[in-house]
2 protein chains.
Amino acid sequence: MRLILVGLGTVGQAFIRVLAENEEQLRSSHRLPVHVVAIADSRGIAVSSKGLNLDLALKSKSETGSIGGYPGYGSFSPSERIPELISLTDADILVEVTPTNVVDAQPGLENILTALRSGKHVVTANKGALVVAFEEIEEEAGKRNLLVKFSGAVGGAVPTIDFVRSCLNGNRVLGIDGILNGTTNYILTRMCGEGCSFEEALAEAQKMGIAEANPSYDVDGIDTACKLLILANSVMGRRARLSDVKVAGIRGVTRQRAEAAARAGRCIRLIGSVSDTITVEPREISKEHPLCVDGVLNAVTYHTELAGDMTLVGRGAGGRETASALLRDVIHVSMLKAGGVR
Amino acid sequence: MRLILVGLGTVGQAFIRVLAENEEQLRSSHRLPVHVVAIADSRGIAVSSKGLNLDLALKSKSETGSIGGYPGYGSFSPSERIPELISLTDADILVEVTPTNVVDAQPGLENILTALRSGKHVVTANKGALVVAFEEIEEEAGKRNLLVKFSGAVGGAVPTIDFVRSCLNGNRVLGIDGILNGTTNYILTRMCGEGCSFEEALAEAQKMGIAEANPSYDVDGIDTACKLLILANSVMGRRARLSDVKVAGIRGVTRQRAEAAARAGRCIRLIGSVSDTITVEPREISKEHPLCVDGVLNAVTYHTELAGDMTLVGRGAGGRETASALLRDVIHVSMLKAGGVR
């Protein structure tokens, strides 16, 4: 299996690490030798038809800030060359993990479409491309009988999409409720449990690296809305757009409201829901509610036709967790490609 | 897809109902016409090479107590003829749902082995056969490249086995903790929440049809041990037997202990654990613990290597829930057989 990796931030580096650690296991139990034949980041490119040395790739990134420091390569601005690299390199799968951009989805969308048009499967954690152009991506893939897998985009390590596709055969998902953003869940857990204000909890999350310097994407509910939209479109067959999602974030949750909820044995959580409508808003639920998970956990409840409610809980974020989802997708594509199935 | 159904108790009847309700959907979205060509229960047999009328089969059962009342058939004692029926009938899958027997696994085990030896895939919810003879069943199936699926045996509607096989590719399960028996969980929920004694909560569960007249199988932890064993052997590759499981039930949980736990914001639950050892015992956990689910719910936590802990929560018992698991397995077998994959 020959991979191109585009994007070498937290997730891209974690993916290389997980790949390196599991190389032997992949070869023996899955009969799956994996070669990363090209890596690109925003400042450089490295290519080897026999497969790059993964340790050297990580070393180059940590020492020079780019894959361009890989022996024999130099840093330069490669953005316009990345589609060319994807198109011309002989590979089976593009692993696309450039930053999410929900405005025009670039550069992820062009990378993904270029891969599909040159006959490559795609594994991605890039929410922007899926939010902006899900139908176009599905259509390009369908035309060529290629696979697009995006387990890492929603729920991190929690297999929110594969669960429906592989584990609920014959059963319909009628609705979804989920905690899909670890940052806001951490802040709300602190507010309801320890009596922090929103500002205090946010500052703490930023200090811990759980929240960004500009926290809007998380705390205003946009990240949750994007993930919910990807779920609705991929596992419930909706054709919704981001503008169809009614979004309220958690800035309006006061310390008083959080404390009152806690005193009543309840908690406030930012819940995304797909029913007739698609909404994201802070809701008060009881401590016994399956979605009342603490800290940076994610949780998704599927309301199913034949089997009632099923809830999945696990670590939503983290480079290593998302990398494990990418690896799962790479293995899945390889098995289907080999005609091996499970 | 041609099915033989053996066993027509709560689960068998629910399976027929779910099949009848979803016939059209199966035909259209899965391109899967399903014909039940033979049904057997402990008192009769009905066969039709074109497929039995499912409504008439249910009517026969409710009016005469057996499938033997199906038009053109008569009740008789068919036990020795069922293996012959399985062996000689032209069918793709045996759906085996006779009662669980953990002593010698009969009649389920003979039915399952007969199906495999005559080239039929098996879908079953029969824990007895899997507990007593997992290796023999796997070996018989493996020799002939046949599938044995048993989603309904562990966790009812909750896809405890498929989750690992389909959703955790590339990730290893290092340990399992689970609430696998709804009856004991209901009793413990009542004891910890409402201050009932064990006897009161048990009597209530029996009145509601949640517990059997002879509750030993549930309250002494045997059912949990069987399910845990099936999980350990099937998703963690163990080769354990029932005698390897250290089992303690919930009869020893006093009202005092339950009330003390509740006062401390904790709860007692019957937890099955697979680590170096396999154990079933009542344990005190905090209300925030992911396994602290209420009522007849089931919950399983997988400790995974790459993705941390993942917990699955849903309805474990109930004819309809188990029937949905059987249907899922039938669809899965059909897809693999057709070379279609997901």
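This is a predicted model: local features need pLDDT of at least 70, side-chain atom pairs count only at pLDDT 80 or more; totals for chains, interfaces and linings use all residues.

**A strand and its neighbours**

Author: Strands β9(A) and β10(A), the latter spanning residues 278–286 of chain A, run antiparallel and are joined by nine bridges. Three residues lie between β9(A) and β10(A) in this hairpin. To find one of the pairs by eye, go to A:Arg266, whose bridge partner in β10(A) is A:Ser286.

β9(A) has another partner to look at as well. Strand β7 of chain A, residues 173–179, is joined to β9(A) by three bridges, and these two also run antiparallel. Here a handy landmark is A:Gly178, which stands opposite A:Gly272 of β9(A).

How enclosed is β9(A) by the rest of the structure? Largely so, because seven of the nine residues in this strand, which covers 266–274 of chain A, are buried. A residue is called buried here when 20 or more other C-beta atoms lie within 10 Å of its own.

From here, let us move to where the chains meet. Chain A gives 37 residues to the contact and chain B gives 37 residues. On the side of chain A that touches chain B, at least two residues come from each of α1 (10–29), α6 (160–167), β12 (308–315) and α12 (319–337) of chain A. That side of chain A is made up of 16 nonpolar, 10 polar and 11 charged residues.

β12(A) is joined by five bridges to strand β12 of chain B, residues 308–315, and the two run antiparallel. If you look for A:Leu312, you will find B:Leu312 of β12(B) standing opposite.

Crossing into chain B, there is an open sheet of six strands to follow. Its order is β3-β2-β1-β4-β5-β6 of chain B, and the pairing is mixed. At the edges are β3 (44–47) and β6 (148–149) of chain B, each pairing on one side only. Within this chain, strand β1 (residues 2–6) and strand β4 (residues 93–96) run parallel, with four bridges joining them.

Notes
Residues are numbered from 1 along each chain as its sequence is written. Chains are lettered from A and ligands numbered from 1 in the order in which they are written. A residue is buried if 20 or more other C-beta atoms lie within 10 Å of its own, exposed if 12 or fewer, and partly exposed in between; C-beta atoms are placed from the backbone. Two strands pair if DSSP finds at least two bridges between them. Two residues are in contact if their C-beta atoms, placed from the backbone, lie within 7 Å. Ala, Val, Leu, Ile, Met, Phe, Trp, Tyr, Cys and Pro count as nonpolar, Asp, Glu, Lys and Arg as charged, and the others, Gly among them, as polar.
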